[in-house]
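Hi everyone, thanks for making time.

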Amino acid sequence: MTVDAYDAGGHDAGDYDPRAFPPFAVTVDLAVFTVRDGELQVLLIERGQEPYKGARALPGGFVLPDESAGRAARRELAEETGLSARTTAALHLEQLRTYSDPDRDPRMRVVSVAYTALVPDVPEPRGGGDAAHAQWMPYGGHGPLAFDHDRILADAHERIGAKLEYTCLATAFCPAEFTLGELRQVYETVWGVELDRPNFRRKVLTTPGFVEAVAGGARLTSGRGKPAALYRAGPANALHPPLLRPEGRHTP
């Protein structure tokens, strides 16, 4: 008998009985962030059904038998927020982790695959499907979330913070031509820290391909002194070396 004829426990596959295992469901949850009006915001829904009817939660729902978790994530995001299929298809969703605590859902055993994204230029959502309402809300100012979504959201915030350390994503939240102060504000908003200006400037300008100077470009800022030089996004996608968050300076 070949190895394939045995299951993971070393038993004869012909003895397998699916009724010996209790059924459980698989869901997807999505922690989608953006920077709007100078603050980090997260996409949340108001649940329209029990459990937790009326509570805020992350968009998400059950994976159907004929779809993958990734496909379910985009479908649920479109259904619960009213975002178009074109918008959700264009999002770069990154799989965060799997949440499988036995009591995380009061209805039954539910395992959730969570996804996260940090995206610019996002439209206003509206409720749909199981969601009574959907909206962008300031991160940390939304109160307790349903299920274990506070834990998922905190893990996702850590992930997107790390993403800014190693990629050039922050430039996507700036105008086509921006000052280093505007770029720094993106990092401060997502990380929740105040950065040392000279040190940030030095790191950005010595990172190959991160930004490019706009010849003759300058802009007056709210501060005193001469106009600030303008930059545009450079050709790099990844930062070498990474722009790491300062240790011990995270805001609560």
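Let's start with Phe62, which you'll find in strand 4, the stretch covering residues 60–62. Keep in mind that we are looking at a predicted model. Is Phe62 buried, exposed or partly exposed? Its relative accessibility is 32%, so Phe62 counts as partly exposed; the buried class would need a value under 20%, and the exposed class one over 50%.

Together with Phe24, Val26 and Met108, Phe62 forms a nonpolar patch on the surface.

Now let's zoom out to the protein chain. Of its 252 residues, 42% are buried. The chain exposes about 13,900 Å², and 52% of that comes from carbon and sulfur atoms.

How many helices and strands are there? The protein chain has 5 helices and 9 strands. If you trace the elements from the N terminus, you read β-β-β-β-α-α-β-β-β-α-α-α-β-β.

What about contacts along the sequence? Taking the contacts with a separation of 6 or more, 66% are between residues 24 or more positions apart.

Last, a word on confidence. The mean pLDDT of the chain is 89, with 89% of the residues at 70 or more. Which strand has the highest confidence? That is strand 5, residues 94–99, at a mean of 98, while strand 8, residues 211–219, has the lowest, at 84.

Definitions and conventions:
Residues numbered from 1 in each chain as written. Predicted model: local features only at pLDDT ≥ 70, side-chain atom pairs only at ≥ 80, totals over all residues. Heavy atoms only, no water. Helix = DSSP H or I, 4+ residues; strand = E, 2+ residues; numbered from the N terminus. Buried < 20%, exposed > 50% of the residue type's maximum accessible area, 1.4 Å probe, protein only. Contact = heavy atoms within 4.5 Å. Areas by Shrake-Rupley, 256 points an atom, 1.4 Å probe, with all protein chains shown as cover. pLDDT = per-residue confidence, 0-100. Patch = residues over 30% accessible without salt bridge, like charges linked within 9 Å, V, L, I, M, F, W, Y side chains within 5 Å. Salt bridge = Lys/Arg side-chain N within 4 Å of Asp/Glu carboxyl O.
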